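Please find below a few numbered points for discussion, to be read beside the sequence and the model.

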Amino acid sequence: MGHVRDLPASAEEIPPFYKDKDWANLGVNVKNDFEPIYVVPKGKKKVVQVLKSALKGVDELILATDEDREGESISWHLLEVLQPKVPIKRMVFHEITREAIQKALKNCRDIDVNLVHAQETRRILDRLYGYTLSPLLWKKIAWGLSAGRVQSVAVRLLVQRERERRAFLSGGYWDLKALLEKDKSPFDAKLVSLKEKKIATGSDFDPKTGKIAKGRDVVLLNETEANALKKRLTGKPWTVTNTEEKPTTRKPSPPFTTSTLQQESNRKLGISARDTMRIAQKLYEEGYITYMRTDSVHLSDEAITAARNCVEQKYGKEYLSPQPRQYTTKSKGAQEAHEAIRPAGSQFRTPQETGLSAQELALYDLIWKRTVASQMANAQLTELVVNLQVEDAGFRSYGKRIDFPGFFRAYVEGSDDPDAAIDNQQVILPPLKKGDHPDCKQIDALGHETQPPARFTEASLVKTLESEGVGRPSTYASIIGTIIDRGYAQMRSKALVPTFTAFAVVSLLEQHFPDLVDMKFTSKMEQTLDEIATGEAKWIPYLEKFYLGENGLDTQVKVRVDQIDPGVAKAVNLENLDALVKIGKFGPYLEVKQGEEVITASIPTDLTPCDLTPEQVATLLRQKTEGPQKLAVHPESGETIFILIGSYGPYVQLGEATEENQKPKRASLPKGVKPEDVTLEMAVGLLALPRLLGNHPETGAKVKASLGRFGPYVVHDQGKDGKDYRSLKAEDDVLSITLERALELLAQPKRGGGSRGTKKPLKELGVHPDDQEPVNIYEGPYGIYIKHGKVNAGLSEGETIETMTLEKALPLLAEKATTKKKTTRKSTTTTKTTTKTTKRTTKAKTTSKTKE
């Protein structure tokens, strides 16, 4: 249920008594020891009523929330709200099993007020940070933007990396790769020196110039020189000059913490940090794993014994580590008094024994393997290096042999299949010794380009935040979700790409509040919170120093509010662009001065600073001043086909938009197709979408191919029985795919848990009296819900699948349907008004006030 009390989320929640106070909007009385206003949110009032009713007539109250700052605070808030008149106990446990609960009941304690104060300090400071800085962003850049202590630092990391990528200058270099053979065993070798001088590689280049860095004495080959060298070496004798074998040992990784679980789940399973925590929460509540919010890599004796039993039973005694392994937590000030994340209980259920499925099974399997591997023997490897000479050119070949796989047999970091990973890790070389003369079968000249630093993925961002001590791992999932939801970043092929808005916000904060977006500030704050939690530091003096005084946040904002020029704050200066990018009410746009006239053009929603090139700027401005580009005349209708760039990228349009024809036929270009590559035939095909491929042999329903915002797809349209979609593979073409191929794709299981049309209900309640359509209960990514047609409604509090009936469901569906209609009508009215009053129309982003 989370917190039953919190600071007011809106002006509506502020009690009348406080409304006239000048600090009321903060929800914190900054003039009186930072006394917070706590209110019971509307959605939690029923929970409180239920708890108060349950408290009547009982002998004692046991508070059993999580043993961390948040959990301790929730227990304290419960006491404040419930005001129990019976004895109170504070019970803590880290796994939901019979033994753990019984042990916890025998070892209860009092509420730790220091932990409560640490959480209050964090909550109040985040509120002051967000509610003081966010209004400044609204005034100076755009309404609805938000600043947050961890959020803003994370966004700054993304922007800094993107700046590095934009400033990066690529360098080109060439080398040679040879295919050699000894005793019919092939192996590769790479050119490393010429005339005893090192050959240039990517690490020898200066990213700021694209040239060889100063002080590097290397040979830089171009294409002509590489091909000439290849020709000269072809047919010449090769000699092994020396070989080296180096034994190495690999130790297993520690069991999972919150952070490492999020990283590996993202790398191996492709699950976001937010979804990883949602699935882990469910596994914990159902008793499959221990508590999933922890900084600790420690394992209890019970867990070590269970893990070692698993190793012995599944892999044999030789795969056990000689001694039980105990890991120590490296993250400074790890506050949670928990174990690492592991399978629950004194005997670990194997993944196959759990009865779990889909993502829950995959995540449990990951946790099980990592825990078991932590008690396994080291992997023993031998690294092999062979140096070869052909005339004045030196080549080198690398190999790796796994002498004993050890823990690799159960778990290899970053790989789904341990057996395949073991094979992939081995690079077999034939037995070679000094003086051998292997045969050269082929030499290839290879060109390379140095690459800019990689963008952050969820996994690498979480790793960086944790290593710098910014925030807590338990908050990373929600932080990354907020960054994406607020439009500060877009997710592309697992990479987090910052937007123009992110650039503008980070520039303002860096220039005027550098300390607040410095990683050292928030990491020091976490240390202080840990000191408050242990009683070593006082919380009110810390808040006073942060907010009040000469260098306090309140003073800084009041001083700078008049210094910051909105025109400068809204501008995003990007190198190599003649146009200025500005953040407007409806999103980013280009601004160029031509003589006395200022020309503006909207930037498509999906376009980010990394995509914007001088050519794209010219196209957008030309489209604004000269109108859309004409491609050709449609051979059948005789209408002109235009190529335009809109909010979601380039598209083709049949005919002009007029009063009579306000919505001409349009079709987006397939991913990777540039406007200049569009032919008349392609445009005609795209405008003819969706294509009817034929009828499904089993249902007789239509099968179509089309192109959507997320790419090309085929759909099995069964009318009232639903639509079953499949994305096309890379080798498929939406304009030429056949019915046979579409049926192949539709026969494949749908990624993410099955198609909408064929999803089986958890319970059938009956048919709706109005239209005789089924009313069923389903499970979705956000929990259990009732479905009737297109209306979904959550279960009432206190109801379960078993207790829910058709009679109870109908009022819930009716209420949801009414709310949906009102929202839709309001949205439609707003859209019409916006269209009439604005010339430059782009999709307005949905925003909310602040996020601490």
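1. Is Tyr291 buried or exposed? With a relative accessibility of 2%, Tyr291 counts as buried, where buried means under 20% relative accessible area, exposed over 50% and partly exposed in between, for a 1.4 Å probe and protein chains only. Tyr284, at 4% relative accessibility, counts as buried as well.

2. Please keep the basis of these values in mind: this is a predicted model, in which local features need pLDDT of at least 70 and side-chain atom pairs count only at pLDDT 80 or more, while totals for chains, interfaces and linings use all residues. Residues are numbered from 1 along each chain as its sequence is written, and side-chain values use heavy atoms, with hydrogens and water left out.

3. The structure holds 16 aromatic pairs, a pair being two rings of Phe, Tyr or Trp (its six-membered ring) with centres within 6.5 Å, counted as stacked if the planes are under 30 degrees apart, edge-to-face if over 60 and tilted otherwise. One of them joins Tyr284 and Tyr291, edge-to-face, at 5.3 Å centre to centre with 65° between the planes. The pair of Tyr713 and Tyr725 is edge-to-face because the ring centres are 5.5 Å apart and the planes stand at 65°. Since Tyr713 lies in strand E24 and Tyr725 in strand E25, this pair ties together parts that are 12 residues apart in sequence; strands (E, at least two residues) and helices (H or I, at least four) are DSSP runs numbered from the N terminus. Tyr713 is partly exposed at 21% relative accessibility, and Tyr725 is partly exposed at 26%.

4. The strands E22-E23-E24-E25 form, in that order, an open sheet of four strands with antiparallel pairing, where two strands pair if DSSP finds at least two bridges between them. Strand E22 (691-695) and strand E25 (723-727) are the edge strands, each pairing on one side only. Between E23 (residues 702-708) and E24 (residues 711-717) there are seven bridges, and Leu707 has Pro712 in E24 as its bridge partner.

5. Which residues line the second largest cavity? They are Ser146, Gln151, Ser152, Val155, Tyr488, Val505 and Val506, lining residues having an atom within 4 Å of a point of the cavity, which is a set of points on a 1 Å grid over the protein atoms alone where a 1.4 Å probe fits but cannot get out. Helix H5 (149-167) and helix H15 (500-512) are the elements that give two or more residues to this lining, and H5 provides the largest share, three residues.

Methods: On a 1 Å grid over the protein atoms alone, a cavity is a set of points where a 1.4 Å probe fits but cannot get out, and a pocket is an open set with protein on both sides within 12 Å along at least five of seven lines; lining residues have an atom within 4 Å of a point.
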